[in-house]
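Keep the viewer open as you read.

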Amino acid sequence: MKKGRFTIPTDESFVEGTREIAAKWGADAVRDCDGTRLPKNAREFGKVYNTYFVVRGDNDFARKHPEEAQRIFLLSDRTLAESSTVKIEFMKSYLADEFAPDYTNLHRWEVIDRTTGELITDWTVDQASHTVTVKNAVRMHEYTVTFMARVTWHPVQIYNYLTNNWTCEKQLTYDPAFPATKEYIKEHMQKWCDENPETDVVRFTTFLYQFALIFNQLGKEKFVEWFGYAQTANPVLMDAFEKETGIHLRAEDFVDGGCYNNAFRIPTGKFLQYMEFIEKFVSKTVGELVDICHKNGKEAMMFLGDDWIGSEPYGDHFKDMHLDAVVGSVGGGVTVRMLSEIPHVRYHEGRFLPYFFPDTFFEGNEDNAVAELNRNWLTARRAMMRKPLDRMGFGGYLSLAAKFPKFVDRVAEIADEFRTIYDAIDNKTPYCTLKVALLNAWGKKRSWMSHMVAHELWYQSIYSYQGVLEALSGLPVAVEFLSFEDIKNGVPKDIDVIINVGDANTAFSGGEYWLDERVLTSVREFVYNGGGFIGVGEPTAVLQNDRYFQLADVLGVDEEIGFTLSEDKYNIEKQAHEITEGIRNVDYGEDKKNIYALKGAKVLDIVFSDRFKRNMNVGEVKMAVNDYGKGRSFYITGIPYSFDNARLLYKAMVWTAHKDLNRAYASNVNTECNYYPTSKKYAVVNNSREEQVTDFYDVNGKKQTLTLRPMEIRWIKE
């Protein structure tokens, strides 16, 4: 057993158990969690992390300054006008403990006729019943109220409180955009440092503004948006933004018809400017707190979650916070890469799953807990082989996990394997076959964050696209994230392949950006001169000039939306191709219907209805390739993560980029190969829980056959 690079949760009621498990897992640091306190002898276990909340936790201060609570604009339910008067109970779908209508800012509220989009001014409000009455309404029109509310219970504590059946005091919020709170948080930071001399690392959980986490009247999650800026709707900030930019922000700019500017929306110029404004404010404010930590000899760590909004880790202002480290929850390979590649910090830590909470660690559930642990580790391990985290750990109540001996033993094995991987790679850059760019509206700002709703949780509408990122996280390719603005004057010279993935009219597919002739001609020029282009789902989709996929000429496919039914389509024959050779099971996930191939494209997979047999105007294309000048394209309807799909995507990238497949390569789809040129080491990895036989090709194409144990990593010196 090795020791180090491992953080263990503990609390003052589980000291002896912590001592035993820390030794078994090789932990060199301890941390507390929301709702726990560290034991007095915490230093015995190594480095001490202490959770720190900037905008919650001191209810005495919050009660003295209720006017400085955090604010949010909320949208009422749509209410049908059955007569010329309509009453809207705007709070009825929200948790009363979480929000209180802010009647001091009534002038910022808006009533909108959602049938016409018209802003309505003829309305009154009854504060006692939280009801707006709209006068002179139009019968059979729908109306909404957008109201400003104070956040009276911190959303993350709501989640923890309800999950763990807590009975402690409910935590209020306060906002450093207000002057009294701004001074308070700096004074409190120094006071806290004075009172916690044993703390080595201040684990900020997190900073100023919570991602959008809104509960309904039943205490169930109503709206969750991990990137949501909804809770930044502070009147001080809105006014300061207008003074700086000349842009007046309305309530509708925040609620966005109920979408709350979520990451799938193509961001408006106004919203992007506001994000930039918030980022500058958050970075400057947090930088002052971090400087206090440093003056007191403590490191500052950011938890990438909770109140992380405005602290964009891939944004231009992240460096201004002077942080030492980041930590975040590891959902799989995507979140490993999202964390491990964050710039301007010295080390990166991952909190692995499962969380030690009673929703997983209850009697009779040990096998499921171990299974979840293994799933989490195996998907994360692929990404670790490319860009490892510097540390790993867990969160929650260690006393719960201690009751599961098989789980404790398996964590010990994983901890040792993690340290072995880290030491072997030793910060060395792995060999990359090619460089691929993910093209979407967000670009660099959302590096490894696209197609997420609630931090890499499974959603039916997105897993077919999220699989692209999960596959890429462990493949031997360099990955960059580009925005449409980045390519208007040409695709960067070092890019080999562009991937555009998502549903039509989303920020990730691009929607209206594909109406810009500079974007179209830039990508066409790139492919025509020898580049590769991969489209997944509805790439480049927006209706214009009688075409739905604006780069149908490059892709060789388009989507039938009913306007070209009269055009006969004869390209329906499935053809063999090197991309699909050796791939056993292609999973298209939620799939896309009505895709057809243009003349000249090669159809790699197509399905036919059993209702009618013809040799034209039938079939739905699932995969196709196309030559375009000196370049190539590949199209697929969806690609959820699986071993076969990851291999399919890799082969498609290699083919479209005109690269040689058999270089630093393992042929069996259950296995993968990583090569580290500076140390001249290969790591051939078995991603499955069964023994696998694979042909291994070194970087020069020399082949040998290997037999790998279940989940084995075979290290081979060149």
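Which residue in S17 is the bridge partner of Met301? It's Ala325. Before going further, bear in mind that this is a predicted model.

Of its 5 residues, 5 are buried, so S16 is largely enclosed by the rest of the structure. Look at which way the residues face: Glu299, Met301 and Phe303 point one way, while Ala300 and Met302 point the other way, and all are buried.

S16 has strand partners to look at. It pairs with strand S17 (residues 325-329) in the parallel sense, over 3 bridges. It also runs parallel to S13, with 4 bridges joining the two.

Together with Lys47, Asp324 and Arg346, Glu299 is part of a network of salt bridges.

Helix H8 (residues 333-340) is another enclosed element. Here 8 of the 8 residues are buried, so the rest of the structure largely encloses H8. The buried residues are Gly333, Val334, Thr335, Val336, Arg337, Met338, Leu339 and Ser340. What sits over them? The cover includes S17, S18, helix H9 (366-384), helix H12 (463-472) and strand S21 (478-482).

Helix H3 (residues 155-164) is mostly covered, with 7 of its 10 residues buried. Those are Pro155, Val156, Gln157, Ile158, Asn160, Tyr161 and Asn164. Strand S12 (142-151) and strand S14 (212-215) are among the elements covering them. Just after H3 comes Asn165, which takes a positive phi of about 55 degrees.

**Salt bridges**

How many salt bridges does the structure hold? The count is 52. Here are three of them, with the N to O distance for each.

| Pair | N to O distance |
|---|---|
| Asp200 and Arg43 | 2.9 Å |
| Arg391 and Glu349 | 3.2 Å |
| Glu620 and Lys622 | 3.8 Å |

Take the Asp200 and Arg43 salt bridge first. This pair links distant parts of the chain, 157 residues apart: Asp200 is in the loop between helix H4 (179-195) and strand S13 (201-204), and Arg43 is in the loop between strand S2 (29-31) and strand S3 (47-52).

Next, the Arg391 and Glu349 salt bridge. Arg391 lies in strand S19 (residues 391-393) and Glu349 in strand S18 (residues 347-351), so the pair ties together parts that are 42 residues apart in sequence. Arg391 counts as buried because its relative accessibility is 9%, and Glu349 is buried too, with a relative accessible area of 3%.

In the last pair of the table, Glu620 is buried, and so is Lys622.

**A buried asparagine**

Asn571 is in the loop between strand S26 (557-559) and strand S27 (595-597). With a relative accessible area of 17%, Asn571 is buried, because the cut-off is under 20%. What does its side chain meet? A polar atom of the Asn571 side chain lies 2.8 Å from the backbone oxygen of Leu598. The backbone oxygen of Ala601 lies 2.9 Å from a polar atom of that side chain. Leaving aside neighbours within four places in sequence, Asn571 is in contact with Ala597, Leu598, Lys599, Gly600, Ala601 and Val603.

**Out at the surface**

To finish, look for a nonpolar patch on the surface: Leu543, Ile561 and Phe563 form it, and together they have about 300 Å² of accessible area. Leu543 is in strand S24 (residues 541-544). Its relative accessibility is 40%, so Leu543 counts as partly exposed.

Note on methods: Residues numbered from 1 in each chain as written. Predicted model: local features only at pLDDT ≥ 70, side-chain atom pairs only at ≥ 80, totals over all residues. Heavy atoms only, no water. Buried < 20%, exposed > 50% of the residue type's maximum accessible area, 1.4 Å probe, protein only. Contact = heavy atoms within 4.5 Å. Salt bridge = Lys/Arg side-chain N within 4 Å of Asp/Glu carboxyl O. Patch = residues over 30% accessible without salt bridge, like charges linked within 9 Å, V, L, I, M, F, W, Y side chains within 5 Å. Areas by Shrake-Rupley, 256 points an atom, 1.4 Å probe, with all protein chains shown as cover. Pairing = 2+ DSSP bridges. Polar contact = N/O pair within 3.5 Å; in protein donor to acceptor, adjacent residues only side chain to side chain.
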